[in-house]
Amino acid sequence: MTLKSTQDKGIRTLAIHGGENSDGGSGASAPDLVMSSTFVVDEEISFSANNLTSETPFVYTRWDNPTTQQLEQKLAILEQAEACIAFASGMAASAAVMLAHLNQGDHLVISNTNYPGTAEFARETLTRLGVEVSPVDTSDTASIENAMRPNTRMVWIETPSNPLLRITDIAAAAQIAHAREALLVVDSTFASPIATRPLTLGADLVLHSLTKYIGGHGDAMGGSVCGKQALIGPLRGEALVHYGGVISPFNAWLIMRGMATLPLRMRCHQQNALALAVFLEADARVERVLYPGLESHPQHALARAQMDNYSGMISFRCADPKAVAGRMMAELEVIHYAVSLGHHRSLIYLMQTDDLIGSSYRLDGAELDKYRETAGAGVFRFSVGLEDSEDLIRDLDRVLG
Ligand SMILES: *Cc1c(COP(=O)(O)O)cnc(C)c1O
């Protein structure tokens, strides 16, 4: 069974049924898990991915797979996109987009604080290949405008951004990028399609680490890129088939199962995060709390306008963060001291300023001062899970000092 129309359905119905298309042979209600790397064909098909079209039948799972295709369709529906490709991880998706769309001599404008893997890939790999890279604070629209050059081909934003939860105005960034015929790419991992649909605000490509909110259960890695068919089609041939970062059909199946509850989970993540943010903000041991849903967030008005859900990510700061981190590792009972985010389990991790600045962001001058003014020696990045908020509050209360 497939939905006849997605236009007239609500988000919860779409998250459950959207894109699913079980084969009908068995009558299975759940999508088929097709763990086959190759497919028996009954016609001659070119061995070259260069001849791949949307009409090509299933040939080889690095090209396309029936389970992965259902995940891609579900993601496209939630992002209101024409097309989607899934990858093995968020980084496989990010590297694919940058390598496939940027050439030697091109210029990239990118958020100066974002996911460390993306930050390092842009500063190290892309510059080695002859791409010019300008990291700027994209939450300040004027900084994007000032960084644009005649050879700017891509503007890459992450909103909310890691780890300071800065918000970038997607519609404004799209206008600036398009005035110079550059693509706007949005890493929307922290928001999820429940909070923001960047394509509807003018973005050209939307990227997700499916490992985070979309899969939601901390058991499978994946990444995705959504956008117009004209941009996604060529990406499949070059960036999926040739770079090879293909998702396992099993992970695609797990992530699809996670997606069915995404709208419900995001509602609970937001509710819990707000409760925890209010607790932290009122606590004298906490110096600063950053949560887009709090009025004290410097861009709360933009967050309210651009996001339908404030998500479950909080960053907060306290005196002597290393001592607090030590107590967290030794004494937390419910919250896991671990990297990653967006899972049903709460996760917390100290993002030390010197570490991030030295290895990933390499900020200096006024931008470094601005970062330190907000983050101090470091912020705790807290991915508030789906547990009872009272239990999370008690767990934190015990370790804060
Ligand atoms: C985790 C993450 C990535 C990378 O995704 P992986 O699935 O870990 O490769 C990219 N961007 C953001 C914002 C992330 O949080």
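Reader: What makes H4 and H13 oblique to each other in this predicted model?

Author: The axes of helix H4 (residues 116-128) and helix H13 (residues 353-361) come within 9 Å and cross at roughly 40 degrees. Angles under 35 degrees count as roughly parallel and 65 to 115 as roughly perpendicular. H4 and H13 are therefore oblique to each other.

Reader: Which residues make the contact of H4 with H13, and how do they divide by class?

Author: H4 contributes Pro116, Ala119, Glu120, Arg123 and Glu124, and H13 contributes Leu356, Ser359, Ser360 and Tyr361. By class, four residues of this contact are nonpolar, two are polar and three are charged. Tyr counts as nonpolar here.

Reader: Why is H12 called oblique to H15?

Author: Helix H12 (residues 321-331) packs against helix H15 (residues 389-399) at an angle of about 125 degrees, and their axes are 9 Å apart. The roughly perpendicular range is 65 to 115 degrees, and roughly antiparallel requires an angle over 145. H12 is therefore oblique to H15. The crossing in which H12 passes H15 is right-handed.

Reader: What makes up the contact between H12 and H15?

Author: On the H12 side stand Val324, Arg327, Met328 and Glu331, and on the H15 side Asp395, Leu396, Arg398 and Val399. The contact of H12 with H15 has four nonpolar and four charged residues, with no polar ones.

Reader: Why are H3 and H8 described as roughly perpendicular?

Author: Helix H3 (residues 90-101) and H8 pack at an angle of about 100 degrees, with 10 Å between their axes. Angles of 65 to 115 degrees count as roughly perpendicular, and H3 and H8 are therefore given that description. Ala96, Val97, Leu99, Ala100 and His101 of H3 meet Leu231, Leu235, Glu238 and Ala239 of H8. Seven residues of the contact of H3 with H8 are nonpolar, one is polar and one is charged.

Reader: What is the volume of the largest pocket, and which residues are the closest to its centre?

Author: The volume of the largest pocket is about 590 Å³. Of the 25 residues that line the largest pocket, Ser54, Asp64, Gln69, Gln229 and Arg236 are the closest to its centre. Helix H2 (66-79), strand E1 (83-87) and helix H8 (229-242) are the elements that give two or more residues to the lining.

Reader: Which element gives the most to the lining of the largest pocket, and how do the lining residues divide by class?

Author: H8 gives the most, with seven residues. The lining of the largest pocket has 11 nonpolar, nine polar and five charged residues.

Notes
Residues are numbered from 1 along each chain as its sequence is written. This is a predicted model: local features need pLDDT of at least 70, side-chain atom pairs count only at pLDDT 80 or more; totals for chains, interfaces and linings use all residues. Side-chain values use heavy atoms; hydrogens and water are left out. Axes are lines fitted to C-alpha atoms, for helices over the stretch in contact, and angles run from 0 to 180 degrees between N-to-C directions. Helices (H or I, at least four residues) and strands (E, at least two) are DSSP runs, numbered from the N terminus. A crossing is left-handed if the near helix is turned anticlockwise from the far one by less than a right angle, and right-handed if clockwise. Contact means heavy atoms within 4.5 Å. On a 1 Å grid over the protein atoms alone, a cavity is a set of points where a 1.4 Å probe fits but cannot get out, and a pocket is an open set with protein on both sides within 12 Å along at least five of seven lines; lining residues have an atom within 4 Å of a point. Grid points are joined across faces, edges and corners, and a volume is the space filled by probe spheres set on the points.
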